[in-house]
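User: I'd like to learn how to read a structure feature by feature. Could you walk me through this one?

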Amino acid sequence: MKFITSKSVLLLTLVCLFFVSTQANAQEIIVDSVAAPVKKAPSKGKLKVDGVIATVGDYIILDSDIDKSYLEIAANGGSVKDITRCQMLGKLLEDKLYAHQAVQDSIIVSDAEVKGMLEERLAYLVGQIGSMEKVVQYYKKDSEEDFRTYFADILKEGKLTSEMTKKIVDAVEITPEEVRNYFKNIPKDDLPTFGVELEVAQIVVEPKVSQEDKQKVIDKLNEFKKEIQEGSSFSTKAVLYSQDPGSRANGGYYKMNRKTPFVKEFKEVAFSLSEGEISAPFETEFGFHIIYVEKIKGQEVELRHILLAPTVTETSLKEAKEKIALIKKRIEAKEITFAEAARSLSDEKQTRANGGALINPQTQDTRFELTKMDPSFYSQVSNLKTNEISAPILDQDDQGKKKFKIITVTNRIDEHAADYAKDYTKIKELALNKKRITAIGKWFDEKIKETYIKIVGEYRDCAFTNNWLKK
């Protein structure tokens, strides 16, 4: 949801598209002579009944976990052709170490979070595979309940893994001097090349919503509130009905303090409620909300919310299109500049103060590299000449909210080798990523030394990236 963060945080994460099942068994003793084969050829040795091939702290890895990981990648549409079992085991070992250390560091993943992720993930899998019955069969489980238990463990471990990774990389900072030294040490022939970049501005006109349509949404939220007070689950209501894609899967859950960059109206309501209280419906630029405060911990609030946006009539859409077409006509007639029109006529608060200039959420500067653009955005701007204005475009955000916009390219930067002065933001990100990789490598070296790790049988012959065998 846009009001949750004013800028995106680039996380360097080693977390893959797949997670594997978790089983805690710190008391299990594994003898080196018992092995599961690395290749799927018959083994002359004796196989351990439970197939344990590795232990990391309180987590174990089964030979079958590797097979399940292949299944998970395939279910996500990925290719497993070039992934060896040794490489897969290396990734599982990393995930287990992240998850183990997350527990040691008291990182908590709530049951509500897991439940929200589970429902969203199951909906995706059913859409990909065809039905819940087929999903259960695909993962070779005996029942839906068995599969849900298994997959909840996967998701919880995956969340622990990602939170631990985030904790590591968020602690890494870089100074301008470090960026300068990084750039100086790049040989001239090895300087990165940046593709064609565009600077883009837009003007947005939002269709007007009638008071009658607003009242329908308010009435629906009041109905939800009453049902929840009578015993219905707020979390379930959020999963089923909320139009906030950022929290819907987690039952509308957010954790915030007074410095968290939510919109003003949302924060005011959140911090006016007592623990266990549900707000009356209130409006923000995103629609109408109700908030339920679960916990108050000092200056921090844990809450759930439901967002509903009023529907827009065809008449309102037509009026918005006519208005933005008129704005375009006035700009092209030189009655007003694009920037002036954006400041005085655009309905988009985030861009109008800057004359409509868009900020790249990945880099936090005004440049958009053509080859890295979102496909839909690319189709809107790639054929525009500098200062040319697009035809009115009907746009729809993640909440389904419709609006009309016109776009112009204010500057075009041709493909070029990295220049320290012109490309500082990108060079800084490259330097920061390198430092994060180093930090993660150092973290693995330290945690492997202090964590109980055991790998058995033929898997001990794998050429791992990390020193799992502590040689």
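User: Let's begin with Cys 86: how exposed is it?

Analyst: We go by relative accessible area: buried means under 20%, exposed over 50%, and partly exposed in between (1.4 Å probe, protein chains only). Cys 86 comes out at 21%, so it is partly exposed. Before we go on, this is a predicted model, where local features need pLDDT of at least 70 and side-chain atom pairs count only at pLDDT 80 or more, while totals for chains, interfaces and linings use all residues. Residues are numbered from 1 along each chain as its sequence is written, and side-chain values use heavy atoms, with hydrogens and water left out.

User: Which residue forms a disulfide with Cys 86?

Analyst: A disulfide is a pair of cysteine sulfur atoms within 2.5 Å. Here the partner is Cys 462, with the sulfurs 2.0 Å apart. Cys 462 is buried, at 7% relative accessibility. The structure holds 1 disulfide, and its S-S bond, at -70°, makes the link left-handed.

User: What does the pair tie together?

Analyst: First, the names: helices (H or I, at least four residues) and strands (E, at least two) are DSSP runs, numbered from the N terminus. Cys 86 sits in helix α2 (residues 85-104) and Cys 462 in the segment after β13 (453-455), so the link joins parts that are 376 residues apart in sequence.

User: Now helices. How do I read the length of α10?

Analyst: Compare its reach with the expected span, which is 1.5 Å times one less than its number of residues. Helix α10 (residues 314-332) has 19 residues and reaches 27 Å from first C-alpha to last, close to the 27 Å expected.

User: And which residues of α10 are buried?

Analyst: Here's the general idea: an α-helix has 3.6 residues a turn, so residues three or four places apart point the same way. In α10 the buried ones are Ser 316, Leu 317, Ala 320, Ile 324, Ile 327, Lys 328 and Ile 331. They cover an arc of only 115° around the axis (taken from the directions from the helix axis to the C-beta atoms), which puts them on the same side of α10. The face turned away from that side carries exposed residues, namely Glu 314, Thr 315, Lys 318, Leu 326 and Lys 329.

User: What covers the buried residues of α10?

Analyst: Look for contact, meaning heavy atoms within 4.5 Å. The cover includes β4 (197-205), α11 (338-345), β10 (393-396) and β11 (402-413). Angles here run from 0 to 180 degrees between N-to-C directions, with axes being lines fitted to C-alpha atoms, for helices over the stretch in contact. The helix α10 lies across β4, β10 and β11, running at about 30° to β11.

User: In what order do the strands form the sheet?

Analyst: Two strands pair if DSSP finds at least two bridges between them. In this open sheet, 4 strands line up as β9-β4-β11-β10, with antiparallel pairing. The edges are β9 (367-369) and β10, each pairing on one side only. On average, neighbouring strands are turned by 55° against each other, direction ignored. Strands β10 and β11 pair over 4 bridges, and Gln 396 has Lys 402 in β11 as its bridge partner.

User: Last one: where is Lys 140 found?

Analyst: Lys 140 is in the loop between α4 (132-138) and α5 (144-170). Its phi is positive, near 60°, in a residue other than glycine, and Lys 140 is exposed at 70%. Asn 387, also not a glycine, has a positive phi of about 75°; its place is the loop between α13 (375-381) and β10.
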